[in-house]
Every structure is written in structure tokens, then in C-alpha cells.
Amino acid sequence: NDSHWSLMCREEGTWFLAGIGDFSSTCLRPRAFSPLQTHSPWISHVTRGAYLEEQLAWDWGPDGEETETQTCPPHTEHGACGLRPEAAQKGMLWPWLAEVHVAGDRVCTGILVAPGWVLAATHCVLRLGSTTVPHIEVYLGRAGASPLPHGRQVSRLVISIRLPRHLGLGPPLALLELSSRVEPSPSALPICLHPGGVPPGASCWVLGWKDPQDRVPIATAVSILTPRLCHCLYQGILPPGTFCVLYAEGQEDRCEVTSAPPLLCQTEGGSWVLMGMAVRGSQELFAAIGPEEAWISQTVAEAHFLPSSGSPYWPATGSDLCPPDMAGASSSPKAAALILLLLTPLIQD
């Protein structure tokens with residue numbers, strides 16, 4: 001981080017020096033470069049021998065800025081987050097998706113939230129009643145049993161597990177501290193975190209594995225139910241700070257649940273945010289990230305929380321909020337879909 005960076009490009013087998021970076025760029029922020037093309041007259045005059053080839057097909061404006069309108073990634077105090085590269089040749093690359101191998105006998109889903117931290121579901125990484133930290137190894141940059149082509153597989157040991165003390169026994173979320181930081185790369189990038197409810201206009205997905213042995217990532221589109229409908233469907237068993245999702249018909253079993261898959265949303269701006277992690281044994285309930293913003297921020301200084309947007313998700317509780325038809329409703333996805341279709345006009349927020 002204390003030296004200049006050079007931007008190199010290759011066209012038709014020939015390498016070109018395209019730009020020079022400055023000292024303000026760091027590994028956690030997008031690197032900015034001064035394009036050499038805009039300085040070519042000065043370079044030619046001073047060197048009288050530099051080989052300048054105008055083959056780079058970039059359209060730079062008079063001030064060195066690209067003329068096309070670019071959509072900037074979300075930016076937090078600690079840099080950009082939630083960036084997803086193009087699909088890899090084999091499988092889909094989710095650069096924040098981690099395989100958390102626990103004591104050699106199970107694999108949990110984890111999400112990279114900072115260079116040195118992975119977030120996972122507590123019930124998957126810790127056995128009920130356990131007081132010792134098991135041997136845990138974390139892998140990033142994989143799509144299944146093998147590393148991605150042209151990707152860089154990263155592995156780290158977990159040296160500590162942090163739990164939110166204010167929740168007492170059985171907190172749903174755990175932060176895993178890695179033995180060393182993960183240098184951001186196309187194979188390993190942190191995701192954004194959303195402090196409020198559902199981002200306006202976002203599309204949401206459950207990201208997991210169809211087969212826990214092959215562990216090829218698969219994303220299933222879901223709809224996040226309104227707070228009132230969620231409360232009515234799961235009266236008496238809904239933990240505080242929980243999202244309820246509805247799968248499309250026939251999509252409920254695409255992801256296995258023992259690894260505690262995450263709930264992700266893509267905002268209108270294209271960035272990806274982590275909304276929650278699956279509750280033990282459930283496909284439709286997810287422990288939300290938003291209520292734990294203070295604990296996560298205090299534990300992980302580099303966590304990427306976006307500005308709050310959208311209305312608060314968590315409703316007031318009470319059975320009087322639900323129509324009589326909803327009392328004791330089944331929590332199965334098909335029943336939820338049927339009730340949603342029939343009663344949504346009655347229970348809209």
C-alpha cells in the first residue's frame with residue numbers, strides 16, 4: 001500500500017501501460033489511475049523515443065474521464081462492497097460466499113463481511129450446549145469441491161467466535177474471526193450489510209447448496225413477506241427480528257437447510273446486501289442482520305453497512321393484528337402462498 005500501482009492492458013497479444021495509480025489508493029478501495037493516453041503529447045515531447053500506440057479502444061474525455069455514464073458501486077467508510085464479477089466458466093461466482101468446515105464433520109454457509117471476518121449461523125458452527133471452539137477452517141473462491149477456474153482459492157483458520165451477549169443463550173448469528181486478513185480480489189470480496197428493512201425495489205434470493213457434498217452454489221428467488229403477514233403466519237414461534245420469505249411454486253427444496261443458507265438482496269443500484277441467515281431447520285425464516293447492527297459494528301470495525309433505506313420492517317406484536325382466518329395458520333410454503341393470495345387485500349400494511 002505504500003507504492004504506486006501500474007495498470008496494464010493487453011490487446012491482441014501486445015501489452016500496454018494504460019495508467020499510473022497514486023498513493024491514495026488502498027486494497028480496500030477501488031484503485032484510481034491517471035490514463036496515459038491523455039498525456040501522450042507530453043510523454044512524446046519529453047522522451048523523444050517512447051513507443052506510443054493508440055490501439056486502446058477507450059473513449060476518454062478532455063479531462064481524462066470516460067464519456068460513458070458509469071454506475072458507481074456503493075461506498076461506505078471502509079470502501080466499496082457488494083460487487084459481483086461476471087459469471088465464471090464453471091458455476092456462479094459469489095465472492096463473499098464462504099465454506100465453513102467445522103471439526104471435519106459438517107460444512108456451514110458463511111458470508112465474508114470484512115477482510116478478517118465471516119458471519120455464519122450460530123446453530124451450525126456451534127453444537128447446542130458446547131463451551132469450546134471447534135477446529136474451523138474457512139474457504140473462499142470455490143464453487144463446489146474444486147476452486148473456480150482462473151480464481152484464487154483462499155483458506156483461513158478461525159481463531160475466535162464472537163456472539164452477541166445481549167441475546168443470552170442461543171443467539172442466531174455468530175462472527176468468526178479469521179487467522180489473517182483476506183486480500184480483496186475477484187474471488188473474495190465483502191458483501192454490504194443493510195441496517196433497516198428491505199431495500200426499496202430490491203430482488204431477493206436464498207443462496208445455498210443443493211447437495212452438501214458437491215457444494216455448487218445455487219440461488220433461489222424469494223419474496224420477503226410483509227411484517228404483519230409474517231407475524232400472523234408464525235404466531236407463537238416467530239423469534240424477534242426475523243424475516244419470512246415465500247418461494248415460487250416448486251422452488252422450496254432447491255437449497256438444503258442444514259448449512260444455514262443466507263438471504264441476500266440486490267438493490268436497484270446493483271449492489272448485493274446480506275439480509276439474514278436461516279433459522280435452525282427452516283427454509284422460510286431468517287434471522288435478520290439489521291437488529292444486530294450495533295453489535296456487528298462494535299465487533300467488526302470494517303463492516304460495510306449501507307445507509308438505511310426503506311421503512312422499518314419489524315411490526316408491533318399482538319394477535320389482534322391478524323384476521324380470524326389467519327389464527328393458527330400452517331407455516332408450510334404452499335399454505336403461506338394460498339393465504340397470501342386470498343388475504344393480502346385484508347392485511348396490507
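**Exercise 1.** Is Arg162 buried, partly exposed or exposed, and what is its relative accessible area?

*Solution.* Two notes on the model come before the steps. This is a predicted model, in which local features need pLDDT of at least 70 and side-chain atom pairs count only at pLDDT 80 or more, while totals for chains, interfaces and linings use all residues. Residues are numbered from 1 along each chain as its sequence is written, and side-chain values use heavy atoms, with hydrogens and water left out.

Step 1: recall the classes. Buried means under 20% relative accessible area, exposed means over 50%, and partly exposed is in between (1.4 Å probe, protein chains only).

Step 2: apply them. Arg162 has a relative accessible area of 35%, so Arg162 is partly exposed.

Step 3: look for a partner. Arg162 meets Glu177 in a salt bridge, at 3.3 Å from N to O; the term asks for a side-chain nitrogen of Lys or Arg within 4 Å of a carboxyl oxygen of Asp or Glu. The two residues are 15 apart, with Arg162 in strand E10 and Glu177 in strand E11. Strands here are DSSP runs of E with at least two residues, helices are runs of H or I with at least four, and both are numbered from the N terminus.

**Exercise 2.** Find the strands that close into a barrel and give their order.

*Solution.* Step 1: trace the pairing. Six strands close the barrel in the order E6-E7-E8-E11-E10-E9, and the pairing is antiparallel. Two strands pair if DSSP finds at least two bridges between them.

Step 1: check one pair. E10 (residues 154-162) and E11 (residues 173-178) run antiparallel and are joined by four bridges.

**Exercise 3.** Describe the open sheet and name its edge strands.

*Solution.* Step 1: set the order. Three strands, E1-E2-E3, form the open sheet with antiparallel pairing.

Step 1: find the edges. Strand E1 (6-11) and strand E3 (33-35) each pair on one side only, which marks them as the edge strands.

Step 2: inspect a pair. Pro35 in E3 is the bridge partner of Gly19.

**Exercise 4.** How many salt bridges does a search of the whole structure find, and which distant parts do they link?

*Solution.* Step 1: count. The search returns three salt bridges.

Step 1: take the pair of Glu99 and Arg215, whose closest N and O atoms are 3.0 Å apart. Glu99 is in strand E6 and Arg215 in the loop between strand E13 (203-209) and strand E14 (217-224), 116 residues apart. Both Glu99 and Arg215 are buried.

Step 2: take the pair of Glu302 and Arg181, where the closest N and O atoms are 2.7 Å apart. This pair spans 121 residues: Glu302 is in the loop between helix H4 (293-299) and helix H5 (333-347), and Arg181 is in the loop between E11 and strand E12 (192-193). Arg181 is partly exposed, because its relative accessible area is 46%.

**Exercise 5.** Work out which residues form one aromatic cluster.

*Solution.* Rings of Phe, Tyr and Trp (its six-membered ring) pair if their centres lie within 6.5 Å; planes under 30 degrees apart are stacked, over 60 edge-to-face, and the rest tilted. The count by this rule is three aromatic pairs.

Step 1: list two of the pairs. Trp94 and Trp96 are edge-to-face, with 6.5 Å between centres and 65° between the planes. Trp94 and Trp272 are also edge-to-face, at 5.1 Å and 85°.

Step 2: Trp94 lies in the loop between strand E5 (79-80) and strand E6 (97-102) and Trp272 in strand E17, so the pair ties together parts 178 residues apart in sequence.

Step 3: check burial. Trp94 is buried because its relative accessibility is 8%, and Trp96 is buried at 0%.

Step 4: conclude. Trp94, Trp96 and Trp272 form one aromatic cluster.
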